[in-house]
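Subject: Structure handover

Hello,

Here is the structure I promised you. Please have it open while you read the notes that follow.

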Amino acid sequence: FSPPKQLPHGTGAHEEALMTELSGLVQKVVKSSSWWERHGVDISILGCSFLLLPAGFLCLRSTQAIPFLAGVLTLGVVHHTLTVKGSHLASHNALTESKSWGKVWAIFFIELCSAFTVEQATYNHVKIHHGYTNIIGLGDSSTWKLPFLNRYVYMFIAPLSVPILTPLVALDLLRNVEWKAALRTLCCMFLGLYCHYWLLLHVSGFQSPWSALLCMLLTRSLLAHPYVHVNIFQHIGLPMFAADRKPKRIQLMSLGVLNLPRNALLDWSFGHSLISCHVEHHLFPSLSDNMCLKIKPIVSQYLKQKKLPYNEDTYASRLRLFLQRYEELMVHAPPLTELVGIQ
């Protein structure tokens, strides 16, 4: 057992004042931004992804390697854009300012496209992960840990099972929701999966059910590796806290969240809030990807000016770290961090 790490800490009132000041700066930017900046850019990216679906399915009809691979890549990127970016924004109601339409988009992206349950996705991600970021036993990202797998299997082979595990986990979680919501989820999940399967058979021209199912697995796992990696890189290995000793929000998020560099493919398919603006997203989770990118200079400058951490690292650096320290980070319980003087 290693003793808790200790970090310097100010008074709670001071940190609340900092968060209030930063929120005021961000709100000025949000209020001065157009609808296009707040929602339109991200809706357009999702819309463009839908428009690419016919081309992707038609490319798979080809017997030549290059058009066929283009179809696989197109459908893979579109799938992750809808299921990761779309579902993530919908879970935070960041696609619209209407709660009613927000619910519609959440059902569409999370249940129909992603084969998961809205209630449990919102509870586990918004209520727990965001509400208790890096708090041991709550939002500590431990659900991503599979300690019985070795580092190479977990990092390079296990992600391929994400398309299979996602609906299976959703079915298990349906025990925790009302029967009406469970029935809706089952219908949406079946409709989404069957539509994908039917289009491969009748539009792409696959001759056997097994070849269509294999193609579904291939396209749905195309970006599964960075999806798993990003989810562990940006929290695990950073300071973790006990529930009764957690710091105030601004310090909790600045200590326990990390940004990765911008990447054209991942920015498009996962969204800025999951890649280069994850700190901003955790501080202001209701903002869209484009708005997180817009407030990034303000947040980074403010945190650095106030001598608060602003964690940044490269994808390759985090990958090396997790391969080198896999047991410490992904198998053993993380050490607790205590802030000196916390009130």
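Axes here are lines fitted to C-alpha atoms, for helices over the stretch in contact, and the angles run from 0 to 180 degrees between N-to-C directions. Keep in mind that this is a predicted model.

**Helix pairs**

Start with α2 (residues 35-59) and α14. Their axes come within 7 Å and cross at roughly 130°. Angles of 65 to 115 degrees count as roughly perpendicular and those over 145 as roughly antiparallel. That makes α2 oblique to α14. On the α2 side, the contact uses E37, R38, V41 and D42. On the α14 side, D289, N290, M291 and K294 meet them. By class, this contact has five charged residues, two nonpolar and one polar.

Next come α8 (residues 179-202) and α9 (residues 209-220). Their axes come within 9 Å, with a crossing of roughly 120°. From α8, the contact takes G192, L193, H196, Y197, L200 and L201. From α9, it takes P209, A212, L213, C215, M216, T219 and R220. The class count for α8 with α9 is nine nonpolar, three polar and one charged.

The axes come within 11 Å and cross at roughly 80°. α10 and α15 are therefore roughly perpendicular to each other. H225, P226, H229, V230, I232 and F233 represent α10 in the contact. Y315, R318, L319 and F322 represent α15. Seven of the residues in this contact are nonpolar, two are polar and one is charged.

**The loop between α8 and α9**

Look at F206, which lies in the loop between α8 and α9. Its relative accessibility is 15%, so F206 counts as buried. What does F206 touch, leaving aside neighbours within four places in sequence? The contacts are L60, F68, L200, L201, S211, A212 and C215. L200 and L201 also belong to the α8 side of the α8–α9 contact. A212 and C215 belong to the α9 side.

**Cysteines**

How many disulfides are there? The count comes to zero. The cut-off is a pair of cysteine sulfur atoms within 2.5 Å. C215 is in no disulfide, and the nearest cysteine sulfur, that of C59, is 12 Å away. C215 is buried, at 6% relative accessibility. C292 is in no disulfide either. For C292, the nearest cysteine sulfur is that of C277, 6.0 Å away. C292 is buried as well, with a relative accessible area of 0%.

**Two positive phi values**

Most residues other than glycine have a negative phi. A115 has a positive phi of about 60° although it is not a glycine. A115 sits in the loop between α4 (99-113) and α5 (118-130). K307 also has a positive phi, near 60°, and is a residue other than glycine. K307 is in the loop between α14 (289-305) and β3 (311-312).

Which of the two is buried and which is exposed? A115 has 3% relative accessibility, so A115 counts as buried. K307 has 74%, so K307 counts as exposed.

**Other buried sites**

Helix α11 (residues 249-256) is worth a look. Seven of its eight residues are buried, so α11 is largely enclosed by the rest of the structure. The buried residues are I250, Q251, L252, M253, S254, L255 and G256.

Finally, go to H79 in helix α3 (residues 65-91). H79 counts as buried, at 14% relative accessibility. Not counting residues up to four places away in sequence, H79 touches C113, T219 and R220. T219 and R220 are also in the α9 side of the contact with α8. C113 falls within the α4 range, 99-113.

Best regards

Methods. Residues numbered from 1 in each chain as written. Predicted model: local features only at pLDDT ≥ 70, side-chain atom pairs only at ≥ 80, totals over all residues. Heavy atoms only, no water. Helix = DSSP H or I, 4+ residues; strand = E, 2+ residues; numbered from the N terminus. Parallel < 35°, antiparallel > 145°, perpendicular 65-115°, else oblique. Contact = heavy atoms within 4.5 Å. Nonpolar A, V, L, I, M, F, W, Y, C, P; charged D, E, K, R; others polar. Buried < 20%, exposed > 50% of the residue type's maximum accessible area, 1.4 Å probe, protein only.
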